[in-house]
Amino acid sequence: MGLFGGKKREDVLRFADSWDERRRSLSEMEEVVELVPGLVWRGLVGKRYVVVEPPIPPEDVLSEAEEYVLARVTPEDLEAMERLYDEAARRVLKKRKAKAKGERFDRAVEALKYYLRRNVEGLGPLEPIMMDPYVEDVTLPARGSKRFFVVLSGKPGWYETNIEVTEDEARLLVLKLAERVGRQVSLAKPRLEGKLPDGSRVHALFGQVASEGGTTLTIRKFVKRPGIAELISGGTITVEAAAYLWLLAEHGMSGFIVGETGSGKTTFLNALLSLLPTDRHIVTVEDTPEIYLPRHKNWTSLIGQPPGTAASGLSIADLMRDVLRMRPDYVVVGESRGVETRLLVQFINLGHTALTTFHSDTLEGVIARLTSDPINLPLERVADFKVAALLRREGGNRYVVRIAEIEYVDGDVELRDVFTRKMGELIGNPLRDSYLLREIAKKEDRHIQDIAEELLEKAERLEDMVARGAKLGPEIEARAG
Ligand SMILES: Nc1ncnc2c1ncn2[C@@H]1O[C@H](COP(=O)(O)OP(=O)(O)OP(=O)(O)O)[C@@H](O)[C@H]1O
Ligand SMILES: [Mg+2]
């Protein structure tokens, strides 16, 4: 390996020799997660969060290659970008008289390409942290070590990372974030607040205007919740029950999801919504942005001020009046607490489909609440919601324990069970017990057999999603999403 000549020619490939050593360091870490296949990992050592990236190229090599790329960049074509990185890396290394053959050269090219990709398309040194699906919060303290700190899901406290930036690098990073958020930031306008395309929230103060320590940055990462495939494979709901609820929602049946705090109501609602055809107009109203429907192009998310806050913003009930003007197919209220439920029922009567969640431990409890002060809905109107699902939390697991259809008969509201959880299994026979499936058949002038086929088809599609999800695993899903 470069026994002759290497030294004399100032061996530009030498930086890449530490590759194996870097990988070996992983064996001393816990909870290692691969962030970029074959290139980047992170692991934990006590309260430290350690990112292992490819060997770092000499500064002049990297900056020359970056300039080469930036002068020729065509951002719309990812394959072209990859070719450009390759070309830049090889050219710059060859220019420094590197022997353009063999494993050492290939590894140096790989490392250089990684850093080009990271710096040109990504957020530079912050990129690996942003790719970690377990990172929930990131902060760059102004006066401390100039290292990023992170919070990991399910773990208490902050972890100090090994990613350190200079003030210049921090400023460059904030400028990049501002561009992604669609705002401008400068020493004259030093505050950046906004949302990244993936839903993460950014706050930054640029330069030394607000802190002598310089630029400071906080990111609340958008944490991906389990999707329908994960809910099925995790045992929260069966394929059959999910297909049934999907069919009802797609065919305009309104409904609600019930459960206690942390029982997975919002997650379940989100998973169900994501199954709806992507051309439907969905308007969601919440007091904190939790619902996320990246595939739905015709989705409006409205965020209202929680009741009792002095802020000048609009409350959920205020926003409901705006929803009516938006002509949505689906009106979704993240969590119904009070009088907004009356408005929701009005929407149903105007022909929209309404979906929401209620905090309670029984379906009966919700009906009692809806019909008494201050909501006071007539029983007949309660039955405008056609279906209800009850979730229960048992330790770390969440289960759908009951799905019932709501019917108004003889001046009273009846709950007819279609699925119930018995001895650890969610069992039901919607073709036998569901009157809503028959109602859909009648309304759409279809034979019930046709509805049965649609149910089966939906179940098959769900099974397919589960099979694909299981192969990819949650980490890759999170990155792809
Ligand atoms: N079926 C599930 N399996 C595993 N984890 C879940 C499941 N559903 C939800 N979670 C997780 O549990 C937490 C609480 O979920 P979620 O916010 O959906 O509950 P919620 O009932 O809406 O709570 P709240 O009463 O606070 O509104 C989240 O971190 C979520 O990722
Ligand atoms: Mg919730």
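Author: Helices (H or I, at least four residues) and strands (E, at least two residues) are DSSP runs, numbered from the N terminus. This is a predicted model, in which local features need pLDDT of at least 70 and side-chain atom pairs count only at pLDDT 80 or more, while totals for chains, interfaces and linings use all residues. Residues are numbered from 1 along each chain as its sequence is written, and chains are lettered from A and ligands numbered from 1 in the order in which they are written.

Reader: How many helices and strands are there in the protein?

Author: The C-alpha atoms of the protein fill a box of roughly 95 × 50 × 45 Å, taken along the principal axes. Within the protein, the count comes to 16 helices and 18 strands.

Reader: What percentage of the residues in the protein is buried?

Author: A residue is buried if 20 or more other C-beta atoms, placed from the backbone, lie within 10 Å of its own, exposed if 12 or fewer do, and partly exposed in between. Of the 481 residues in the protein, the buried share is 34%.

Reader: Which domains does the domain assignment give?

Author: Domain bounds come from an automatic or database domain assignment. For this protein that assignment gives domain 1 (1–121), domain 2 (124–223) and domain 3 (228–480).

Reader: Which strand gives the largest share of the side of domain 1 that touches domain 2?

Author: The C-alpha centres of domain 1 and domain 2 lie 24 Å apart, and their contact (C-beta atoms, placed from the backbone, within 7 Å) takes twelve residues from each of the two domains. On the side of domain 1, the elements that give two or more residues are strand 1 (30–36), strand 2 (40–45), strand 3 (48–52) and helix 4 (103–120). With four residues, the largest share comes from strand 3.

Reader: In which sense do strand 3 and strand 6 pair?

Author: Two strands pair if DSSP finds at least two bridges between them. Strand 6 (residues 159–164) pairs with strand 5 (residues 147–152) in the antiparallel sense over three bridges, where R147 stands opposite E164. Towards strand 3, Y49 stands opposite T161 of strand 6, and over two bridges the sense of that pairing is parallel.

Reader: Which helix gives the most to the shell around ligand 1?

Author: Ligand 1 is surrounded by 16 residues (C-beta atom, placed from the backbone, within 6 Å), and the closest are T236, G264, K265, T266 and T267. The shell divides into two nonpolar, ten polar and four charged residues, where Ala, Val, Leu, Ile, Met, Phe, Trp, Tyr, Cys and Pro count as nonpolar, Asp, Glu, Lys and Arg as charged, and the others, Gly among them, as polar. The element that gives the most to this shell, with three residues (265–273 being its range), is helix 9.

Reader: Why do the buried residues of helix 12 lie on the same side of the helix, and how wide is their arc?

Author: In helix 12 (residues 363–370), the buried residues are L363, V366, I367 and L370. They lie on the same side because the arc that they cover, taken from the directions from the helix axis to the C-beta atoms, is only 95 degrees.

Reader: Which elements are included in what covers the buried residues of helix 11?

Author: Helix 11 (residues 340–349) has E340, T341, L343, L344, V345 and F347 as its buried residues, and just after this helix G351 takes a positive phi of about 105 degrees. The cover over those buried residues includes helix 10 (316–325), strand 13 (330–333), strand 14 (353–359), helix 12 and helix 13 (379–382).

Reader: What is the omega of the cis peptide bond that joins D373 and P374?

Author: P374 has its place in the loop between helix 12 and helix 13. Most peptide bonds are trans. The bond between D373 and P374 is cis, and its omega is about -5 degrees.

Reader: Is E31 buried or exposed?

Author: E31 lies in strand 1 and has a positive phi of about 50 degrees although it is not a glycine. With 12 other C-beta atoms within 10 Å, E31 is exposed.

Reader: What is the phi of K97?

Author: K97 is found in the loop between helix 3 (78–95) and helix 4, and because K97 has 13 C-beta neighbours inside 10 Å, it counts as partly exposed. Although K97 is not a glycine, its phi is positive, at about 65 degrees.
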